[in-house]
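Please keep the sequence and the structure open alongside the text.

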Amino acid sequence: MQYFVGWLLYNANRDIPFLAKSQFYELKTRLLKKYATKVGTDIQHVKKDCCSCDNTGVFKCYWKMPETCWSCFGTGVYKEFWTRLDKYKLGKWYFHNPVERMYKYEPLFEGEALPIIEGYIHHKAPKYRLGKECALWLFLLFDRKSFWKVLGRTGSPTHKRTPLVIIDNAIFVFRHFDWRDYLPKKKPKYDFEYDSDELPF
Ligand SMILES: [Zn+2]
């Protein structure tokens with residue numbers, strides 16, 4: 001069971017259903033707490049440079065004197081935060097689950113210094129629509145309400161090779177089926193009557 005849930009979660013996590021992002025993350029947290037083993041904590045550090053001043057902190061333009069940048073208050077940093085991520089192992093896969101976001105770095109020493117991950121974690125989407133397929137299975141098995149909410153809401157134009165994605169797409173197509181598209185179309189007819197006196201030629 002753990003291996004199976006881990007496999008589903010691993011694939012779904014790389015291609016998160018955009019219509020049910022919050023439901024997915026809620027489910028992910030729930031499943032990790034239930035099935036996975038917590039193996040540690042990492043700190044994720046995200047720093048975004050200010051683009052108004054090119055992270056110099058000084059705003060320059062041709063029509064006025066250089067001044068302290070308004071966007072970043074002269075710091076050159078638009079946004080910076082640290083997120084505490086609990087690290088879990090489920091099956092043979094590792095997952096991160098955000099616990100809290102801090103806008104000032106407070107070292108969390110829990111016996112030893114925590115490892116720091118720089119920037120966002122990027123996932124490569126799996127082949128076909130395997131991520132979507134796995135997300136649908138997770139919803140079907142563990143969150144039936146979201147399953148019915150998500151099913152058939154987004155079409156999958158390519159790579160329909162797995163059962164739930166095929167069903168999902170079929171429902172999507174069915175929902176958007178308009179029988180009027182298949183009726184013979186009347187050609188618009190134009191009837192004009194001109195009063196010969198009004199014609200410009
Ligand atoms: Zn700035």
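Contact here means heavy atoms within 4.5 Å. The structure is a predicted model.

## Overall make-up

The protein has five helices and six strands. Read from the N terminus, the elements are arranged α-α-β-β-β-β-β-β-α-α-α.

Of the 201 residues in the protein, 35% are buried. The accessible surface is about 14,500 Å², and carbon and sulfur atoms account for 57% of that surface. Among contacts with a separation of 6 or more, 63% join residues 24 or more positions apart.

## Helix α1 against helix α2

Helix α1 covers residues 2-12, and its axis lies 11 Å from that of α2, at an angle of about 150 degrees. Angles over 145 degrees count as roughly antiparallel, so α1 is roughly antiparallel to α2. The crossing of α1 with α2 is left-handed.

On the α1 side, the residues that meet α2 are Gln2, Val5, Leu9 and Ala12. Their partners in α2 are Phe24, Lys28, Leu31, Leu32 and Tyr35. Sorted by class, this contact holds seven nonpolar residues, one polar and one charged. An α-helix has 3.6 residues a turn, so residues three or four places apart point the same way.

## Buried residues of α1

Which residues of α1 are buried? They are Val5, Gly6, Leu8, Leu9, Asn11 and Ala12. Val5, Leu9 and Ala12 are buried and also belong to the contact with α2.

## Helix α2 against helix α3

Helix α2 spans residues 21-35 and helix α3 spans residues 130-142. Their axes come within 11 Å and cross at roughly 70 degrees. The range from 65 to 115 degrees counts as roughly perpendicular, so α2 is roughly perpendicular to α3. This crossing, too, is left-handed.

From α2, the contact takes in Gln23, Phe24, Leu27, Arg30, Leu31 and Tyr35. From α3, Leu138, Phe139 and Phe142 take part. The residues of this contact comprise seven nonpolar, one polar and one charged.

## Residues of α2 in both contacts

Which residues of α2 meet α1 and also take part in the contact with α3? Phe24, Leu31 and Tyr35 are listed in the contact with α1 and again in the contact with α3. Lys28 and Leu32 are among the α2 residues that meet α1, while Gln23, Leu27 and Arg30 are among those in the contact with α3.

Note on methods:
Residues numbered from 1 in each chain as written. Predicted model: local features only at pLDDT ≥ 70, side-chain atom pairs only at ≥ 80, totals over all residues. Heavy atoms only, no water. Axes fitted to C-alpha atoms, helices over the stretch in contact; angles between N-to-C directions. Helix = DSSP H or I, 4+ residues; strand = E, 2+ residues; numbered from the N terminus. Parallel < 35°, antiparallel > 145°, perpendicular 65-115°, else oblique. Left-handed = near helix turned anticlockwise from the far one by under 90°. Nonpolar A, V, L, I, M, F, W, Y, C, P; charged D, E, K, R; others polar. Buried < 20%, exposed > 50% of the residue type's maximum accessible area, 1.4 Å probe, protein only. Areas by Shrake-Rupley, 256 points an atom, 1.4 Å probe, with all protein chains shown as cover.
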